[in-house]
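Q: I've got a model open and want to go through it piece by piece. Can we start with the overall picture and then move to details?

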Amino acid sequence: MVKQAKAQRMLTHDQIWGALDRLAERAGLSPSGLAKRAGLDPTTFNKSKRVTPDGRERWPSTESIAKALAAAGSSIETFVKLIGDGAGDGRSVPLISFAQAGNTGYFDELGLPSGKGWDQVALPSAEDDHTFALEISGDALAPAYRDGDIIVVSPATPVRRGDRVVVKTKAGELMVKALKRRTAKVLELAALDPAQAERTLGVSDVAWIARIVWASQ
């Protein structure tokens, strides 16, 4: 009697990409942030690149995975473990670049994420259902935040004096500041770089303000 060999499980498309997402998370980066650190095109690991326009699955190359592991300071053994791991105890929140967030169509009138174009990033925890993440690009916010850093913003968390905040004006300007003082009529905002000037905005000119509750640094 011939014993039938046990069928071997094949790696799936979702498992490989899920492992790359978790590798980026462990490094405190978004998938695009990991790609940039690895010297790849920033869109290499984006979700939009994982399936071709005609619906075929697109797999990451072994070279891309090797560069991502080197950028994250991880080994192939770690990557194999990440293939079998779940997403953890946290959950995902919407993610978009800080530069994109200044455009119209990404937030509603309450400052909550809306519309298309958002990615997802896994976090250790996120109690506010409207929490979202912004990826910093460039050095405009240095030294507080570097290129590729992710800041997590919670619209439902109370804002107190001294908190770092994201402010959107009704004119469309998006900025990261520290709340110095708030009255019924004005917001006084301190720059994260002490060398830069403070800003004072009329409350009537502010579309929304939300507290930064976490940053990957």
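Q: How many of the residues of the protein chain count as buried, as a percentage?
A: This is a predicted model. Of its 217 residues, 43% count as buried.

Q: What does the pLDDT look like for the protein chain?
A: The chain averages a pLDDT of 84, and 88% of the residues score at least 70. Residues 1–8 have a pLDDT below 50, and that stretch makes zero contacts in the model beyond near neighbours in sequence.

Q: What about secondary structure, how many helices and strands?
A: Five helices and nine strands. From the N terminus on, the order is α-α-α-α-β-α-β-β-β-β-β-β-β-β.

Q: And contacts, what share join residues at least 24 apart?
A: Counting contacts between residues at least 6 apart in sequence, 56% join residues at least 24 apart.

Q: Which residues lie nearest its centre?
A: Ser32, Asn46, Gln100, Asp119 and Glu135, out of 19 lining residues.

Q: How does the lining divide into nonpolar, polar and charged?
A: Six of the lining residues are nonpolar, nine are polar and four are charged.

Q: Let's take Ser32. Is it buried or exposed?
A: Ser32 is in helix H2. Its relative accessible area is 12%, and under 20% counts as buried, so Ser32 is buried.

Q: What is Ser32 in contact with, leaving aside its neighbours within four places in sequence?
A: Pro42, Asn46 and Glu135. Asn46 and Glu135 are also among the residues nearest the centre of the largest pocket.

Q: Where is Thr43, and how far is its C-alpha from that of Ser32?
A: Thr43 is in the loop between H2 and H3. The two C-alpha atoms are separated by 5.7 Å, with the residues eleven apart along the chain. Thr43 is partly exposed, at a relative accessible area of 29%.

Q: On to H3. Which of its residues are buried?
A: H3 covers residues 62–72, and its buried residues are Ser64, Ile65, Ala68, Leu69 and Ala71.

Q: Why do those buried residues line one face of the helix?
A: Looking down the axis of H3, the buried residues fall within an arc of 165°, so they line one face.

Q: What does the face turned away from the buried side carry?
A: The exposed residues Thr62, Glu63 and Ala70.

Q: What follows H3?
A: Gly73 does, with a positive phi near 70°.

Q: How far is the C-alpha of Asn103 from that of Gly172?
A: They are separated by 7.3 Å, although the residues are 69 apart along the chain.

Q: Last one, which peptide bond is cis?
A: The bond from Ala142 to Pro143 is cis, with omega near 5°. Pro143 is in the loop between strand E3 (132–135) and strand E4 (150–154).

Note on methods: Residues are numbered from 1 along each chain as its sequence is written. This is a predicted model: local features need pLDDT of at least 70, side-chain atom pairs count only at pLDDT 80 or more; totals for chains, interfaces and linings use all residues. Side-chain values use heavy atoms; hydrogens and water are left out. pLDDT is the predictor's confidence in each residue, from 0 to 100. Contact means heavy atoms within 4.5 Å. On a 1 Å grid over the protein atoms alone, a cavity is a set of points where a 1.4 Å probe fits but cannot get out, and a pocket is an open set with protein on both sides within 12 Å along at least five of seven lines; lining residues have an atom within 4 Å of a point. Ala, Val, Leu, Ile, Met, Phe, Trp, Tyr, Cys and Pro count as nonpolar, Asp, Glu, Lys and Arg as charged, and the others, Gly among them, as polar. Buried means under 20% relative accessible area, exposed over 50%, partly exposed in between (1.4 Å probe, protein chains only). Helices (H or I, at least four residues) and strands (E, at least two) are DSSP runs, numbered from the N terminus. The arc is that of the directions from the helix axis to the C-beta atoms.
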